[in-house]
Amino acid sequence: MRVSFFLIISIFIFCSLNAQDISFTAQDNPNDDGGAILLEWTVPLSFPEMIISRSIDKENYIEIAAVTPLLKKFIDDENIEDRQQYFYKLSVLNIEGETLQSFSASAIAKAEWFNTDKISLLIMTILLGSAILYFILSARKGKRLYIRKISGLDTIEEAVGRATEMGKPILFVPGISDLDDMQTIAGLNILGHLAEKVAQYDSTIHVPVCRSMVLSTAKEIVKEAYLRAGRPDAFKPDSVFYLTDDQFGYVAGVDGIILREKPAATFYLGAFYAESLILAETGFESGAIQIAGTAMPTQIPFFVAACDYTLIGEELFAASAYLSNEPSQLGSLKGQDVGKAIIIFTLLVGIVLEIFGIHFLKDFLATH
Amino acid sequence: MAILMDRIGIWVGVFLTFAIFSFLYKDNPFYKIAEQIFIGISAGYWFIYTIYNILMPNLFIPVTSDFTHNFILLIPAFLGILMLCRLIPSIDWVSRYALAVVIGTTAGLFFKRYLQSDVLNQLTATMLNPFATSNAAQIAGELILIIGTITGIVYFFFSKKHEGAFGVTARVGIYFLMVSFGAAFGYTVMARISLLIGRLNFLLGDWLGIIKP
Amino acid sequence: MRRQIPMLITFLVGTLIIVSEFIPHKPFNSLSTSLEGWFLIISGFAIILGQLSLFKVNIIKISRKAPNWPYFIIALVSFSIMVICGILWGTQQQPGLIPVSDKMLNFLGYKPFDYIFRYMFENLSATMFSLLAFFMASASYRAFRARSPESTLLLIAAVLVMLGRTTIGSTLTGWIPNSLGFLHLPNIASFIMKYPNTAGQRAILICAGLGVIGSSLRIILGIERSYLGGK
Amino acid sequence: MKIFERFLHIDRRIIFVLIFIGVALPLIWTLGFNLEVTENVESVYNLMEELEPGTRILISFDYGPSTKPEIQPMAIALMEQAFTNRIRIIAIALWPMGVQMCNEAFEKVSAEYPNIEYGIDFINLGYKAGGMVTINHMAKDFRGTFPSDAGGNFIDEFPIMKGINNFDKLGCVISLSAGDPGLKQWVMIAHDTFGKPVGGGTTAVQAPTMLPYVNEQQQLVGLLGGLKGAAEYELLINKPGFATKGMDAQSVAHLIIILFILIGNIGYFATRKQKDLTKA
């Protein structure tokens, strides 16, 4: 009974071998550095099992893999030498493991000099790279680049004025990341501007930090700001101080300062994690004017809801460039704006083309 | 015996859990002790796993077992030792050589990957024909997606004043950003509550046995 | 010497990594592959550096009798115990210097390293973050006000998502007939997530992506050097 | 009007207690609200279902005990589905604690699947640092990144690792992630560079930022977001577990928080009106 069943199946498969389009091809695996051959096949899904074997002399075949029709392709990258011809055999087996039929193909592996899948990426790299570089260079040559005023920054002066009137201090929190995070650096740039205003108004500022590297840099920045304001004598070195490296320990410390000192204004500018909501809540309860800025997408909501002004994402970097007036930052920002313009333009063109059923642009850009 | 030690372990865990929860009332010595144990164990765990899972299999064993094929690994090992020189203030500048390799690799990879995934692919993902379906909600949704993405980008445009038609566009953009921040807020609430559920499951299940853990 | 050579290294390495994307041919791809393998080893040393400097900072704090110094002894002791257990008896899969006796395994149920991890560390770590559930609740109540059109929009979206992403959403609006299916809270939440939220997040993603591109380029070309620190 | 003043100044400890009770009670007495499966979760399920038996997939454990309640149920559900369908799992971790999370999930699941053998159907390759760079390295030289498994045994000894030199022979990549490095990096490398389907689960905090990747290019095939995502997956594989049990508590806690947001805002507007009147 079983035998006849297998016989029928085998005959069925054998018939279908001839009846349907069957193909088996081998070629160099494209866009790589050699050492791999791409095998592809289309065979009826009814085939139970297939074996791929490989040979270099067309005689001694070694089995390399068992595959199924659904896989459709196999990349052979085991001990393949470039510029050597390899012969492949795809053998279709019946349920008892006997070879019913086999197909052959051959190929030579080689390395490519250019990855053709990456043309769109290359074009964008060149476009964006040169836009950013061009503006950095022209800013360095002294060209004035316009950056719009970031609305939260207007409040710095107002906040310092209010603090002076009330005789209360200002609190600045530079986030909990170290100097390797661009957000911390952007925050410290704004601190420089803020401290200058504080020195001019003869107000006080507290800067608790949680990294030793940030401590020394922040101290330096505040000191310089007092110098610029012409009041180096008024600088108090212990206005910038280290609390602890630990996330929650730091938050507990800052909370304590807010509750004790009741600052007139609080600034949270830098990289923040889960502690953002605890800080924003305590500051809100104490009635301070709150100004925040971070590029952490998960933390922005808490600042937006609880603070008077929030610099959202890239605005933090823009504010830093605006205040520091550093050519490389301004130029880079301008170059990125050109990038945004290119993207909006391409997007609009792409959507119009899509509506008219032309998929060329999308397909060209979407390759990977 | 293992059952006894399991019970003891659970009691220790319960003690530590309450020591940390006591922070909700106010900062206190129990919290501080638990916090320092946490920091210490965490650092020890990282240390041991870095040695067993990275430095041994990817450096020491290849170099010691097959030196001729792997002597090139002495370069990263040397750079790694330069990195450790940060601990000695007088020669901490040598760590910059190692840092330069790390930063250079990261910057190069970030450049091409962010360009591909976060710029190019997001751009093509927004190239939609909103009128391809007859489902009203989907048409509305895709139009919202396109308008929201474009106006959102306009909001982050810094070299032009937000006034006139441009200002209105940026204004629409900020509304979209606010909706996504609201969604993020809702999700964060969900995440934090889930963590508390996990804790209560431990207290009520593993410890008190009121519920099946 | 102290700044120029590191900048040159950053430039060469960064350029090689970018170029290898477009030119797979030898030596570009193979060089960048080995470089990435080295990166793993250097990162390993960087982690060790992090733990050792924690050790160092704590010792300094204790020797200078900094505020709360006795607590730092606890951190040092727990660090040392963990490292010693790890080296002597190993971790769950990894054998240590001394073979673990069956007696010990029967007694503890796990190796000492894993015992500490499972009963102490897991509870500490999980509780630390579950504190946020409470803070989240009180911050929502005390600080989240519909003060402006922006924050109103934020709050409405938040409430809809909070209702829609739990079982309560489907229970509350389950009675609404299917013809008005779009009014079901889970569907509203899904719509918000799929369209306006994605639009906003995508705008942030694209602009932040351009920011990363800008700063990577500045670092590779040696224009941005803050990572090298002072001196 | 005093009542509105009081609305603004409820002691936070009262809120703490209410949240505690609101989460605890539904855990003890379940309410049994019903659950609906969403599109993104179903996509991950279908991705796994469509794999042929014997296919190898990579699961990356990029989280630790701090987010275990949200992500561990996903890991368990995915493992159950894989072992039921005879899908073979290569587990790695980009977070050191992920190694232990993987061990714990495997211990729990393998108890129900006695014929699952380590080294044939499952392997834990342990932790590697370096995030995105390391993913890129393993995509080109897998055996160079992972010369041995988590216990230090050479991977050549294990049948499951036969022929794995890069991502080519993997059916898909799943990342269970709580942050960086995690799912975002897997999307960038495994899918956007090497064309492997990537699915995953994240904490609810991460989920909204990952959604732009779920698009028609399938940068990300689907996404399980937080405990709700895990509960939906448990429903799909028909094995309700921790996540399903937690959904009631989740709902009640959300209601309490929404209630307090409302109280706060009512108090805010009422007292503001009052202040405006007195000013006038």
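Here are legends for a set of close-up views of this predicted model.

**View 1. A three-stranded open sheet in chain A.**
The strands of this sheet line up in the order β1-β2-β5 (chain A), and their pairing is antiparallel. At the edges sit β1 (23-28) and β5 (73-76) of chain A, each pairing on one side only. On average, neighbouring strands here are turned by 15° against each other, direction ignored. Zoom in on β2 (residues 37-42) of chain A and you'll find 4 bridges joining this strand to β5(A), with the two running antiparallel. One residue pair to look for is Leu38(A) with its bridge partner in β5(A), Ile75(A). As a reminder, strands in a sheet pair through backbone hydrogen bonds, in either a parallel or an antiparallel way.

**View 2. Asp76(A) and Arg54(A) meet in a salt bridge.**
The N to O distance for this side-chain pair is 2.7 Å. Asp76(A) belongs to strand β5 of chain A and Arg54(A) to strand β3 (residues 49-55) of chain A, so the pair ties together parts that are 22 residues apart in sequence. Buried or exposed, what is Asp76(A)? Asp76(A) counts as buried, at 2% relative accessibility. Arg54(A) is buried as well, with a relative accessible area of 15%.

**View 3. Glu80(D) reaches Lys239(D) through a salt bridge.**
The closest N and O atoms of Glu80(D) and Lys239(D) are 2.6 Å apart. Glu80(D) is in helix α4 (residues 68-84) of chain D, while Lys239(D) is in the loop between α10 (226-236) and α11 (242-279) of chain D, so this pair ties together parts that are 159 residues apart in sequence. Glu80(D) is buried, with a relative accessible area of 8%, whereas Lys239(D) counts as partly exposed at 32% relative accessibility.

**View 4. Where chain B touches chain C.**
About 10,900 Å² is buried between chain B and chain C, and carbon and sulfur atoms give 80% of that area. The contact takes in 117 residues from chain B and 112 residues from chain C. Between these two chains there are 3 salt bridges. Arg171(B) forms a salt bridge with Glu150(C), with the closest N and O atoms 2.4 Å apart. Several helices of chain B supply at least two residues each to the side that touches chain C, among them α1 (2-21), α5 (95-126) and α7 (164-207). Which helix gives the largest share of that side of chain B? That's α2(B), with 28 residues.

**View 5. Thr193(D) makes a polar contact with Arg113(B).**
You'll find Thr193(D) in the loop between α8 (183-191) and β5 (198-202) of chain D. The side chains of Thr193(D) and Arg113(B) make their polar contact at 3.1 Å. Leaving aside neighbours within four places in sequence, Thr193(D) is in contact with Lys118(A), Arg113(B) and Met188(D). Thr193(D) counts as buried, at 15% relative accessibility.

**View 6. A salt-bridge network links chains C and D.**
The linked residues are Arg118(C), Glu122(C), Lys68(D), Glu104(D) and Glu107(D). Over all chains, a search of the whole structure finds 31 salt bridges.

How values were computed
Residues numbered from 1 in each chain as written. Chains lettered and ligands numbered in written order. Predicted model: local features only at pLDDT ≥ 70, side-chain atom pairs only at ≥ 80, totals over all residues. Heavy atoms only, no water. Buried < 20%, exposed > 50% of the residue type's maximum accessible area, 1.4 Å probe, protein only. Polar contact = N/O pair within 3.5 Å; in protein donor to acceptor, adjacent residues only side chain to side chain. Contact = heavy atoms within 4.5 Å. Pairing = 2+ DSSP bridges. Axes fitted to C-alpha atoms, helices over the stretch in contact; angles between N-to-C directions. Buried area = accessible area lost by both parts, 1.4 Å probe. Salt bridge = Lys/Arg side-chain N within 4 Å of Asp/Glu carboxyl O.
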